[in-house]
Amino acid sequence: MTDVVVALDVGGTGIKCALVDRDGVSHHTERHPTGAGQGAEAVIGNILGIAEGLAGKALADGLTPVAVGIAVPGVIDEDTGTAVWSANLGFRDVPLRDLVAARLGLPAALGHDVRTGGAAEAR
């Protein structure tokens with residue numbers, strides 16, 4: 001089985017998602033509305049549900065989900081995995097990394113969307 005990361009790029013209006021292997025190959029991609037107009041709790045629920053669905057899709061496709069990576073806009077504390085503040089998502093001190101890790105039973109990382117995108121481009 002091929003190991004993949006469940007990857008989510010959360011924006012103010014949309015969430016871009018993929019199952020990506022260690023060579024950077026996308027095995028599956030999806031797009032979903034963020035639902036920011038429904039409030040922070042709805043956005044958190046969408047993120048958790050989408051991540052869980054992608055992990056299930058990986059397993060159904062014979063892939064092994066080994067971790068989750070999430071990028072969000074705003075002020076991010078990457079050490080604690082907390083979305084400290086994000087105006088367009090309504091986030092204030094959301095422990096997103098821990099919420100995702102607990103829901104999926106996988107290690108998770110939370111990053112700032114621009115820094116994460118820059119790191120991806122550099123690779």
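The legends below describe close-up views of a predicted model.

**View 1. Helix α1 from end to end.** Helix α1 covers residues 40-60, 21 residues in total. From its first C-alpha to its last it reaches 30 Å, close to the 30 Å expected at 1.5 Å a residue. Gly62 follows α1 and has a positive phi, near 80°.

**View 2. The buried and exposed residues of α1.** The buried residues of the helix are Ala40, Val43, Ile44, Ile47, Leu48, Ile50, Ala51, Leu54, Ala55 and Ala58. Seen down the axis of α1, these buried residues fall within an arc of 165°, so they line one face of the helix. Glu41, Leu59 and Ala60, on the other side of α1, are exposed.

**View 3. Packing partners of α1.** The buried residues of α1 pack against the strands β1 (2-10), β2 (14-21), β3 (26-33), β4 (63-72) and β7 (91-94). They also pack against helix α2 (96-104).

**View 4. The open sheet.** The sheet is formed by 5 strands in the order β3-β2-β1-β4-β8, with mixed pairing. Its edge strands, β3 and β8 (108-112), each pair on one side only. From one strand to the next, the twist averages 20°.

**View 5. The pairing of β2 with β3.** These two strands run antiparallel and are joined by 7 bridges. Lys16 stands opposite Arg31 in β3.

**View 6. Helices α2 and α3 on the sheet.** Helix α2 packs on the sheet and touches β4 and β8. The direction of α2 makes about 150° with that of β8. Helix α3 (residues 113-122) also packs on the sheet, where it touches β1, β4 and β8. The direction of α3 makes about 100° with that of β8.

Definitions and conventions
Residues are numbered from 1 along each chain as its sequence is written. This is a predicted model: local features need pLDDT of at least 70, side-chain atom pairs count only at pLDDT 80 or more; totals for chains, interfaces and linings use all residues. Side-chain values use heavy atoms; hydrogens and water are left out. Helices (H or I, at least four residues) and strands (E, at least two) are DSSP runs, numbered from the N terminus. The expected span of a helix is 1.5 Å times one less than its number of residues. Buried means under 20% relative accessible area, exposed over 50%, partly exposed in between (1.4 Å probe, protein chains only). The arc is that of the directions from the helix axis to the C-beta atoms. Contact means heavy atoms within 4.5 Å. Two strands pair if DSSP finds at least two bridges between them. Axes are lines fitted to C-alpha atoms, for helices over the stretch in contact, and angles run from 0 to 180 degrees between N-to-C directions.
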